[in-house]
Amino acid sequence: MSDRPQIPIDEQLSIEEGKAIMAGGLGEYELRLVTSFCVPLAWREYDHHGAIAPRNGSAFFLNTGARVIGVTAQHVIAGYRESGARKGPLTLTTNGVGIQLDLDARMIDAHSGIDIATFSVTEDEVRRLGKEVCGGYQRTWPPSLPMQNGGIYYSGYPGVGTRQTPGVITFGAVCGSGVATQVNEKIISSQIERQHLTPILGDGILLENFDFRGMSGAPMITVVQHHGLRSWMLGGVIFQGPSTSDDPNEAIAGLEIIRARPAHFILPDGTLDKARWERLEWQLR
């Protein structure tokens, strides 16, 4: 399997050109597109009084060319499994629709170092949730890495967007765009540069040091521009957002970075490329 770029990607837009796109209809369309791929991966925990505490990560649906699968961060699955609280089933959910996941039956693969987990899902289930399957512009799987400073989009479901009323829990998506400020075989990072942010959808610009917990497992999409055609392909799986700690030893104020694991760790059958991970880990020792 070649690591060479499959699709030559043209030079990226300038910041001014990118802001012009975001301010127009195309920016809104692309933000809604990436949101259409992802869904809350949620469960309910109960205290000793029976009160409900919603918990969630994010997941998305992916077509590798060989099959359709569900993808999330491994630590989201681990958080559910390891919770000592009395809890309900793990569920793919949109407002009013829920599909329970039997992890023993559904899991395809998971790896704590890569921090990706994959599970089986049907296209009918995706349609029932009102979602879309992420495909992409790549000729073969896996897609190419983003260009350094190339455009990216992301969307997921941070816990702060969850609203609970009697008998109903709703989840709010947060989406955004930026550039891939760090790109290598192990990680794609995007630093939020607030001086360049432009509000597109209705909620305006996120507050500084916004709490992204719950975004883990969401997709990061690479913007592709080639011969005048603007398209996209999967960049990676978000596994870490900015730290929101008030402790300066744990977080640097104003340094907001979203990190994703490159999509090339997902093999066409939905298993994970552990050999590639181990090779990269060995090279860094």
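**Close-up views of the predicted model**

**Figure 1. Surroundings of L62 and the overall chain.** Leaving aside residues up to four places away in sequence, L62 touches R67, V68, I69, V71, V133, C134, W141, L234 and I266, where a contact means heavy atoms within 4.5 Å. The model is predicted, so local features need pLDDT of at least 70 and side-chain atom pairs count only at pLDDT 80 or more, while totals for chains, interfaces and linings use all residues. Residues are numbered from 1 along each chain as its sequence is written, and side-chain values use heavy atoms, with hydrogens and water left out. The chain contains six helices and 17 strands; these are DSSP runs numbered from the N terminus, with helices being H or I of at least four residues and strands E of at least two. Of its 285 residues, 47% are buried, a term for under 20% relative accessible area, with exposed meaning over 50% and partly exposed in between (1.4 Å probe, protein chains only). Among the contacts in the chain with a separation of 6 or more, 70% are between residues 24 or more positions apart.

**Figure 2. The nonpolar cores.** A nonpolar core is a set of buried Ala, Val, Leu, Ile, Met, Phe, Trp, Tyr and Cys residues joined through side-chain atoms within 4.5 Å. The largest core has 28 residues, of which F60, L62, V71, I116, I221, L234 and I266 touch the most other members. At least two residues of this core come from each of α2, β1, β2 (52-63), β3 (68-72), β15 (219-226), β16 and α6 (274-283). Helix α2 gives the largest share, four residues. A second, separate core of 20 residues includes W43, I99, F119 and V121. In soluble globular proteins, nonpolar side chains tend to be buried together.

**Figure 3. Aromatic pairs.** The whole structure holds three aromatic pairs; rings of Phe, Tyr and Trp (its six-membered ring) pair if their centres lie within 6.5 Å, and planes under 30 degrees apart count as stacked, over 60 as edge-to-face and the rest as tilted. One of them joins F37 and W232, a tilted pair at 5.2 Å centre to centre with 45 degrees between the planes. F37 belongs to helix α2 (residues 25-37) and W232 to strand β16 (residues 229-240), and the two are 195 residues apart. F37 is buried because its relative accessibility is 2%. The pair of W43 and Y80 is edge-to-face because the ring planes stand at 70 degrees, with the centres 5.3 Å apart. W43 lies in strand β1 (residues 38-46) and Y80 in helix α3 (residues 74-82), 37 residues apart. Both W43 and Y80 are buried.

**Figure 4. Lysines over rings.** A charge sits over a ring if NZ of Lys or CZ of Arg is within 6 Å of the ring centre and within 35 degrees of the ring normal. The charged end of K87 sits over the ring of Y80, 5.3 Å from its centre. K186 lies over the face of W277, at 4.5 Å from the ring centre. K186 is placed in the loop between β13 (182-183) and β14 (188-191) and, at 16% relative accessibility, is buried. The side chain of K186 also makes a polar contact with the side chain of E281 at 2.3 Å. Such a contact is a pair of N or O atoms within 3.5 Å; within protein, one must be able to donate a hydrogen and the other to accept it, and residues adjacent in sequence count only if both atoms are side-chain atoms.

**Figure 5. Surroundings of T91.** T91 is part of strand β5 (residues 91-94) and is buried, with a relative accessible area of 15%. Its side chain reaches the backbone oxygen of P89 at 3.2 Å. Not counting residues up to four places away in sequence, T91 touches P40, L41, A42, G98, I99 and Q100.
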